[in-house]
Amino acid sequence: MAKATKITDTEKEELLSESLDVDTDGFGKSAATSETVLDLRNLQTQFTTKWGTVKAVNGVSYNVKRGETLGVVGESGSGKSVTALSIMRLIPSPPGEITGGEVILNGRDLLKLSEREMTSVRGGEISMILQDPMQALNPVFTIENQVGEAIRIHQGLKGTSLFQRVVDSLKKVRIPAPDSRAKDYPHQLSGGMRQRVVGAIGISSEPSVIIADEPTTSLDVTIQAAYLRLLRQIQQEEGVGIVFITHDFGIVAKMCDRVAVMYAGRIVELADVRTIFNSPLHEYTKALINSVPKLEEKTGRLAQIEGQPPLLHNLPPGDSFAPRSPLKYDEKDASIDPELVEVESGHWVQLSRSSVADFDKYKHLVNY
Amino acid sequence: MTTTKNKVGSAPGCKPGVDSVLSVRNLRKWYNVGNNLFGIGKKTFLKAVDDVSFDIERGKTFGLVGESGCGKTTTLKVLLGLEDTTEGSIFYEGEDVATMSAAGKKEFRTNVQAVFQDPWSSLNPRMRVGSIVGEPLEIATNQTKAQIKERVGTLLEEVGLNPYQANLYPHEFSGGQRQRIGVARALALNPKVICLDEPVSALDVSIRAQIMNLLVDLQEQHGLAYLLVAHNLATVRYMCHTMAVMYLGVVQEMGDTERIFEDPKHIYTNALVSAALPSHPDIVRSEFLLPGEVVSPIDPPPGDVFMSRTPLEVDSNHKWANERPPLVELETDHWVVDTPWSIATEESGFKVELK
């Protein structure tokens with residue numbers, strides 16, 4: 001695998017040492033390259049329920065480049081996690097079903113693979129870091145056993161060489177005394193350390209893409225900061241592409257190169273992180289950013305998004321955000337199914353009169 | 001109650017002459033975790049809260065921040081009477097709660113209410129919303145059914161719900177709406193203080209602002225005082241007038257919220273600020289991590305509790321390495337535990353610029 005950044009041995013030593021001293025934001029520069037590793041095209045996943053069909057993912061397209069972090073933001077129920085599970089082909093069926101689209105990982109469509117081939121991809125080429133480290137680890141197996149499992153399956157290592165790889169993986173996630181820690185059980189580690197072990201399993205087989213599904217929500221702020229920094233360092237060393245699912249715009253500001261904002265199973269805006277913060281076009285994106293109090297200054301009254309997210313079963317066509325949009329609009333405009341359009345290079349917006357204030361400026365890009 | 005003599009003593013960190021509804025003085029909550037079944041053997045204590053004093057001013061918000069295990073939630077539980085105190089006193093309207101008459105205690109419990117973190121587990125799934133919100137009225141007042149029903153209707157309207165929703169069950173509501181129900185229940189008895197335990201952290205981002213704004217509005221309308229327990233510094237800065245930063249059961253920095261955020265003095269506060277997430281990708285704060293992890297609160301050393309986490313050198317013969325250091329007022333309304341190893345300065349490099 002191509003290393004995105006070369007670092008010297010001495011630098012590595014410093015990074016690995018536990019004495020984390022003063023560091024001016026250890027995040028460094030973005031490691032993003034232009035080589036696409038994961039490409040989602042018009043992915044559709046639906047669930048059949050007794051209330052009707054829930055289109056949880058309704059035509060989602062995004063791509064991740066080597067060494068890049070793509071943030072996927074949205075409320076609960078916006079489809080961000082179901083998209084991730086669809087990529088991994090972990091949607092329980094029934095009731096769920098991937099009904100269309102392509103998931104291209106390193107040139108192969110994952111949706112066309114057999115279940116057997118998919119098993120070798122999962123945890124191999126692509127891996128997932130889950131939200132709750134307490135639940136992601138099995139309490140009756142040692143750390144060595146659980147980190148080793150992925151390596152044994154994907155690389156067929158055994159005995160000492162397997163143990164060596166386990167220790168290497170634990171070293172990569174900066175776990176102190178990895179040799180002895182490998183023999184511990186999950187309950188013997190703190191929450192932050194446990195989440196690092198989950199991370200070690202994630203990177204153990206050198207994947208090209210890691211899907212991180214809110215990996216820090218259950219952690220304390222200081223431990224969260226350390227963990228995010230670690231993810232960024234690993235990314236720079238390994239050149240892995242990360243899909244970071246979160247609802248926290250602070251994490252987006254700190255970690256992500258590009259951002260996809262999801263609402264009701266669709267992407268409403270996708271752009272690089274600075275465009276999203278400096279010149280968002282969709283009202284939902286604007287509202288999300290303005291509804292968060294700022295730490296840096298005394299915030300005046302918060303902007304709030306009125307109403308609730310829509311129910312997804314039998315969602316009518318049209319702009320799903322319209323009922324919560326602060327803009328004045330015509331019922332007719334809101335009923336048109338909006339298209340995701342590239343309004344400027346790399347800046348995609350779901351254009352509708354009801355949710356985009358500057359609609360008239362970009363009207364020529366759509367035929368409604 | 002204004003005529004009663006104020007029996008609250010002074011304490012470091014508490015401004016004298018504050019019109020406080022609820023005061024805490026030298027509060028300790030220790031759990032005995034050491035001795036065996038028969039009480040034999042060496043006693044070891046988990047010192048969850050160790051000598052904490054603060055005032056909650058009428059109509060204002062006081063915030064408690066810190067990492068998990070710092071004792072902020074235990075403090076709140078003790079205040080609500082869900083846990084006994086080991087030592088120290090709680091004063092309501094200048095009166096010590098421990099020595100109050102039965103009627104006084106009832107008044108205290110009526111006037112101090114709570115909203116909890118998780119709106120999924122804090123509402124009884126088998127009760128209709130009307131009964132949940134009306135229950136405090138049934139217990140603490142002798143209003144008729146019709147009066148209670150009417151009051152529940154007004155309360156639901158006040159928190160942005162519809163009176164007809166009183167007939168629904170909690171599962172029929174979304175997280176934000178459930179938290180509104182929790183707020184309505186807390187408001188039912190017209191309390192003077194509401195203890196908020198992480199009221200928005202379990203909610204979706206788009207809903208958080210709704211609830212925070214609701215709380216701020218209700219505070220203005222009813223002159224409510226809040227005790228806010230939170231770990232998100234931005235939430236604290238938005239909601240709180242005064243605040244305290246806790247570490248290992250001890251307040252490390254306390255005072256006016258804006259003063260603390262403009263110039264955080266304690267290294268621990270700076271570490272929390274540096275770890276907090278920025279609100280814009282162009283904001284790059286210097287970031288440092290404290291060595292080690294949060295130490296166990298079981299049998300902490302007699303000296304400064306922060307001693308084992310400070311990145312600066314500690315002189316083990318220093319007075320404050322062997323004795324608990326007090327809060328010192330370094331500037332007006334800004335109190336800090338002042339030891340040679342706890343203050344962040346430009347030179348030491350542990351000072352975080354927020355701007």
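Start in chain B by selecting B:M246 and B:V251: the bridge partner of B:M246 in strand 10 of chain B is B:V251. Keep in mind throughout that this is a predicted model.

**Chain B: the sheet**

In chain B, eight strands form an open sheet with mixed pairing, and the order to follow across it is 6-7-8-3-9-10-12-11. Go to the two edges by selecting 112-115, which is strand 6 of chain B, and 327-331, which is strand 11 of chain B. Each of these edge strands has a single partner strand, so one side of each has no neighbour in the sheet. Turn the view to look across the strands: from one strand to the next the twist averages 20 degrees.

Next, select residues 175-187 of chain B, helix 5 of that chain, which packs on the sheet. Helix 5 of chain B touches strand 6 and strand 7 (193-197) of chain B. The direction of helix 5 of chain B makes about 175 degrees with that of strand 6 of chain B.

**Chain A: a pair of helices**

Move to chain A and select 143-155 and 191-203. These are helix 5 and helix 8 of chain A, which pack with their axes 8 Å apart at an angle of about 25 degrees. Because of that angle, helix 5 of chain A is roughly parallel to helix 8 of chain A. Their crossing is right-handed.

Show side chains at the contact. Helix 5 of chain A contributes A:I143, A:Q146, A:V147 and A:A150, while A:V197, A:A200 and A:I201 come from helix 8 of chain A. By class, this contact has six nonpolar residues, one polar residue and no charged residues.

**Chain A: two domains**

Finally, colour chain A by domain: domain 1 covers 9-263, and domain 2 covers 283-295 + 302-365. The C-alpha centres of the two domains of chain A lie 30 Å apart. Where they touch, 12 residues come from domain 1 of chain A and 12 residues from domain 2 of chain A.

Which elements give two or more residues to the side of domain 1 of chain A that touches domain 2 of chain A? Select strand 2 (52-65) and strand 9 (258-263) of chain A to see them. Strand 2 of chain A supplies the largest share of that side, five residues. Taken together, the residues on this side of domain 1 of chain A divide into six nonpolar, four polar and two charged.

Terms used. Residues are numbered from 1 along each chain as its sequence is written. Chains are lettered from A and ligands numbered from 1 in the order in which they are written. This is a predicted model: local features need pLDDT of at least 70, side-chain atom pairs count only at pLDDT 80 or more; totals for chains, interfaces and linings use all residues. Domain bounds come from an automatic or database domain assignment. Two residues are in contact if their C-beta atoms, placed from the backbone, lie within 7 Å. Helices (H or I, at least four residues) and strands (E, at least two) are DSSP runs, numbered from the N terminus. Ala, Val, Leu, Ile, Met, Phe, Trp, Tyr, Cys and Pro count as nonpolar, Asp, Glu, Lys and Arg as charged, and the others, Gly among them, as polar. Axes are lines fitted to C-alpha atoms, for helices over the stretch in contact, and angles run from 0 to 180 degrees between N-to-C directions. Angles under 35 degrees count as roughly parallel, over 145 as roughly antiparallel, 65 to 115 as roughly perpendicular and the rest as oblique. A crossing is left-handed if the near helix is turned anticlockwise from the far one by less than a right angle, and right-handed if clockwise. Two strands pair if DSSP finds at least two bridges between them.
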